[in-house]
Amino acid sequence: MADKPKPRTGGTPVGRRAMLGMLGAGAAGLAAAPYLQKGWENFLAAASEGDATGLTGLLPNPGGFRYYSVVGSVPHKDETNYALTLGGLVDRPRTYTLDQLRAMPRTRVVHDVVCTDGWRVEKTPFDGVRLADLLDDAGVRSKGAAIRFTCFDGAYSESLTLEQARRSDVLVALTMQDKPITHAHGGPVRLYVAPMYFYKSAKWLSGISVTDKVVPGYWEERGYAVDGWLDGADRQGDAA
């Protein structure tokens with residue numbers, strides 16, 4: 001009798017062509033990943049502009065950032081129509097164009113971005129003008145104790161104490177991740193408060209007003225902490 005064939009012990013072998021195909025598909029997936037991620041981020045950005053519910057902020061984003069607006073639509077601003085006003089309890093009220101801000105001395109801050117929703121983007125570089133320099137340019141009066149920020153979405157606002165605002169890691173930011181800040185990320189100019197949760201870094205910044213007391217911002221009026229310090233943050237910092 002002929003010998004019976006021995007049973008295979010390693011399962012069905014993967015052919016050479018099949019293996020090469022799998023490796024090729026994996027490589028193609030890695031190559032396409034940045035483009036797919038960028039497309040998804042663009043989709044989230046566009047969807048969030050028409051989403052006053054904030055539900056788009058719950059969708060997964062491989063880039064780490066989430067997109068959210070408290071209004072249904074936000075106008076676009078650029079070099080032709082952007083202006084940042086600085087007033088309130090100051091000696092010299094100012095209005096800055098985008099080109100004027102870009103021409104001022106700049107500071108680069110690299111820090112983790114952390115949201116109260118739980119997501120984090122580590123070691124994110126921001127570049128811009130120190131808020132302290134703008135305050136010095138305007139001349140804060142003796143009664144000035146806090147700063148109120150308003151935004152050209154027409155709804156969002158934020159606040160800092162004067163001491164917090166003078167920290168060297170608080171910027172009127174012009175770039176994020178070494179690129180101009182996009183509209184979806186709050187551009188062309190946003191606030192960046194490195195030692196606090198990201199809701200303190202107001203997007204679409206258009207107004208800075210020195211006040212005699214802290215005026216709670218949009219989310220503080222809805223239960224968020226007025227002082228949104230990150231866990232472990234140096235709360236004393238280095239005032240400019």
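Two residues are in contact when their heavy atoms lie within 4.5 Å. With that in hand, look at the protein chain: among contacts between residues at least 6 apart in sequence, 63% join residues at least 24 apart. The model is predicted. Its protein chain has 240 residues, and 43% of them count as buried.

**Overall build**

- The protein chain holds four helices and ten strands.
- Read along the sequence, these elements follow the pattern α-β-β-α-β-β-α-β-β-α-β-β-β-β.

**Confidence**

- The mean pLDDT of the protein chain is 82.
- A pLDDT of 70 or more is reached by 72% of the residues.
- Residues 1–14 stay under 50 in pLDDT. For this stretch, the model has two contacts beyond four places in sequence.
- Residues 18–33 also have a pLDDT below 50. Beyond near neighbours in sequence, residues 18–33 have one contact in the model.

- Where does Y224 sit? Look in the segment after strand 10, which spans 205–211.
- Y224 has a relative accessibility of 29%. Buried means under 20% and exposed means over 50%, so Y224 counts as partly exposed.
- Which residues does Y224 touch, leaving aside its neighbours within four places in sequence? Y224 is in contact with T116, Y199 and W219.
- Take T116 from that list. Y224 and T116 are 108 residues apart along the chain, yet their C-alpha atoms are separated by 9.4 Å.

**Cavities**

- Rolling a probe the size of a water molecule over the atoms shows where empty space is left.
- How many cavities of 30 Å³ or more does a search of the whole structure find? The search finds two.
- The second largest cavity has a volume of about 30 Å³.
- Its lining includes D112, V113 and V114. Y192, V193, A194, M196, Y197, F198 and S201 line this second largest cavity too.
- Two elements give two or more residues each to this lining: strand 3 (107–114) and strand 9 (190–193).
- Strand 3 gives the most, with three residues.
- By class, the lining of the second largest cavity has eight nonpolar residues, one polar residue and one charged residue.

Conventions
Residues are numbered from 1 along each chain as its sequence is written. This is a predicted model: local features need pLDDT of at least 70, side-chain atom pairs count only at pLDDT 80 or more; totals for chains, interfaces and linings use all residues. Side-chain values use heavy atoms; hydrogens and water are left out. Buried means under 20% relative accessible area, exposed over 50%, partly exposed in between (1.4 Å probe, protein chains only). pLDDT is the predictor's confidence in each residue, from 0 to 100. On a 1 Å grid over the protein atoms alone, a cavity is a set of points where a 1.4 Å probe fits but cannot get out, and a pocket is an open set with protein on both sides within 12 Å along at least five of seven lines; lining residues have an atom within 4 Å of a point. Grid points are joined across faces, edges and corners, and a volume is the space filled by probe spheres set on the points. Ala, Val, Leu, Ile, Met, Phe, Trp, Tyr, Cys and Pro count as nonpolar, Asp, Glu, Lys and Arg as charged, and the others, Gly among them, as polar.
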